[in-house]
Amino acid sequence: MTLLSETLRGLDLDDIPVARVTGRLVGVSGLLLESVGCPLATGQRCRIETADGDWLLAQVVGFRRDVSFLMPFKKPVGLITGARVVPEESETDLMIGPQWLGRVVNGLGEPIDGRGRLTGDHPLALHPPRVNPLKKRPVTEALDVGVRAINSVLTLGRGQRVGLFAGSGVGKSVLLGMITRETAADVVVVGLIGERGREVREFIEHSLGETGLARAVLVVAPADESPLMRLQATELCHSIAAHYRDQGRNVLLLVDSLTRYAMAQRELALALGEPPATKGYPPSVFGMLPQLAECAGNGESAQGSMSAIYTVLAEGDDQQDPVVDTARAILDGHIVLTRELAESGHYPAIDIAQSVSRCMSHVAAPEHRAAARELKEMVARYHKVRALIPLGGYVRGADPATDRAVDLFPRIEALLRQDVHEPAPLADSVSRLEGLFAS
C-alpha cells in the first residue's frame, strides 16, 4: 500500500484513467474490417480480439461516416461480430542499432530468423524520413556494383536510384544477387516484397552468403502476406536504410520488387472503393510511388549515401506498363533486361540500347563517357545489319563504320557477358571498355 500511495501522490484525480474506450467489430469483407463505437485516426494501429482470446494487429486505412475501415497485418482468423477493437495509444517504438546487421525481419520489424529479439540504441521511424531537396548531397562519386555491363556503359553513382526493368524469368533476381555480393557498400538493406517464399532462403544462402549477410538487413514480406504487410515492409526497409545513411554509412538499398508494392497498394485502394484508372491501378498508386522513391538517395552533406535499386516487373514484357512507365520517369536511370538476350544465352541480359544512367555524366571521366557512347553506336550499327549477315545480304566496303561494328561485335559481346560468380571491378571494367577502341 505504501508503494501505491507513493505512486499516486503526484497525480491528480483527472490523470487516473477510469475507463478505456473501445470499438466493436461489425463487418468483415475480405481483408477489410469495419469498426464502430470508437473514433480512430487514419494510420492508427488497433488490436482486435479473436474468438480464442488472442489479439490481431490492424491499421486504420479509411473511414466513412462513423464506420472505420481497418486492414490486418496478418491473416484474419477467428474474428467474430462484436469483437472488441482496442486502439493503440502510441506507435510501437522500434529501436535500431548495429545489432540489426545480419538479421531477417518482417514488415513490423519482428525477427523471423529464430535468433532472438532485436535491440538497438536509436528509435526507428515507421515511415521513411524526408530530406529537404535543397540539402540533399548531389551524386558525384561512382558506385562499383561489380557488373561489367553496368560499370562500363551504365555507370552508377552513390546516391542514385535506378530500376531493373524486365519480364518474368529473364534474370532479375540473379542480377540482383550479383549486385548484392559485389557492390562496394558498408551496409546492404534488402526488401523482398511480394515474391515467392522459397526465394528468401535461396537469396540468403546463394546471393549473400555468410560474409554478405554480416553487413545486411533483410526485410521480408512474401506473396502470401497481407497487402498492408507488404506496404509496411517496403517502407520499413527505406527507414532502415535511411537510419544507417544518417549514421554516415554508405548504404545500398535493394527492393524486389517495386511492382509488388504497387500491387499491394492497388489491393488496398480497390478494397476501399477507389475507382481503377490505368490497367486496374487506382490513382493513389501513382502518387505513392514517387513519395517512396524520394525517400532514397543521398542525405545532407554531413551524412552518408543511400543508393537504391528497384526491380520492376514488366508484365508481358510490356515496357509501356503503367508502373514501368511511372518508375522510368521518377528514377535516376533504368536498366532493361530483355527476353531475346536471355533466350540467346547472353547473361546478364542487359539491353544497353534501351538502358540509361542519368548520373553517369556526373561520375565518369570524359574518356570513359566517349568510349561508352562509341560502344552504343557500334551495337546500334551492328543490329541494323545483323539479319542480313546470314542471308548474304551484307556487303563489306559500303560503309566503313558498319564494317568496324561487325568486326568489333564479338569483342563487345564478350565485354557485356559475365558469369554469375565472376567479379568485375569498376576500374577493370572501364579499362576493358577503353581498350576495346584503342586498337
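Predicted model: local features only at pLDDT ≥ 70, side-chain atom pairs only at ≥ 80, totals over all residues.
Where is Arg-65 found? Arg-65 sits in the loop that links strand 4 (55-64) and strand 5 (67-72).

## Backbone features in the loops

Most residues other than glycine have a negative phi, and most peptide bonds are trans. Against that background, a few places stand out. Arg-65 is not a glycine, yet its phi is positive, at about 55 degrees. Arg-65 has a relative accessible area of 76%, so it counts as exposed. Lys-279 also has a positive phi, near 55 degrees, and belongs to the loop between helix 6 and helix 7. With a relative accessible area of 49%, Lys-279 is partly exposed.

Two cis peptide bonds can be found as well. One runs from Asp-256 to Ser-257, with omega near 10 degrees, and Ser-257 is part of the loop between strand 15 and helix 6. The other joins Tyr-347 to Pro-348, with omega near -10 degrees. Pro-348 lies in the loop between helix 9 (339-343) and strand 18 (356-357).

## The chain as a whole

Stepping back, the protein chain has 13 helices and 18 strands. Its C-alpha trace spans about 100 × 45 × 40 Å along the principal axes. Of the 439 residues in the chain, 51% are buried. Among contacts with a separation of 6 or more, 70% are between residues 24 or more positions apart.

In soluble globular proteins, nonpolar side chains tend to be buried together. Here the largest nonpolar core has 59 residues, and Trp-100, Ile-240 and Leu-253 have the most contacts inside it. Helix 5 supplies the largest share of this core, 10 residues. Not counting residues up to four places away in sequence, Ile-240 touches Ile-96, Trp-100, Leu-124, Val-189, Val-217 and Val-219. Another core, of 53 residues, lies apart from it and includes Leu-175, Leu-213, Ala-216 and Val-379.

## How helix 5 meets helix 6

Two packed helices are described by the angle between their axes and the distance between the axes. For helix 5 (residues 227-246) and helix 6 (residues 258-271), the axes come within 8 Å and cross at roughly 135 degrees. The two helices are therefore oblique to each other, and helix 5 passes helix 6 in a left-handed crossing.

On the side of helix 5, the contact is made by Pro-227, Leu-228, Arg-230, Leu-231, Thr-234 and Glu-235, while helix 6 brings Arg-260, Tyr-261, Ala-264, Gln-265, Glu-267 and Leu-268. Sorted by class, this contact has 6 nonpolar, 2 polar and 4 charged residues.

Leaving aside neighbours within four places in sequence, Phe-286 is in contact with Thr-278, Tyr-281, Pro-322, Val-323 and Thr-326. Phe-286 and Gln-265 are 21 residues apart along the chain, and their C-alpha atoms are separated by 9.8 Å.

Methods: Residues numbered from 1 in each chain as written. Heavy atoms only, no water. Axes fitted to C-alpha atoms, helices over the stretch in contact; angles between N-to-C directions. Helix = DSSP H or I, 4+ residues; strand = E, 2+ residues; numbered from the N terminus. Parallel < 35°, antiparallel > 145°, perpendicular 65-115°, else oblique. Left-handed = near helix turned anticlockwise from the far one by under 90°. Contact = heavy atoms within 4.5 Å. Nonpolar A, V, L, I, M, F, W, Y, C, P; charged D, E, K, R; others polar. Core = buried A, V, L, I, M, F, W, Y, C linked by side-chain atoms within 4.5 Å. Buried < 20%, exposed > 50% of the residue type's maximum accessible area, 1.4 Å probe, protein only.
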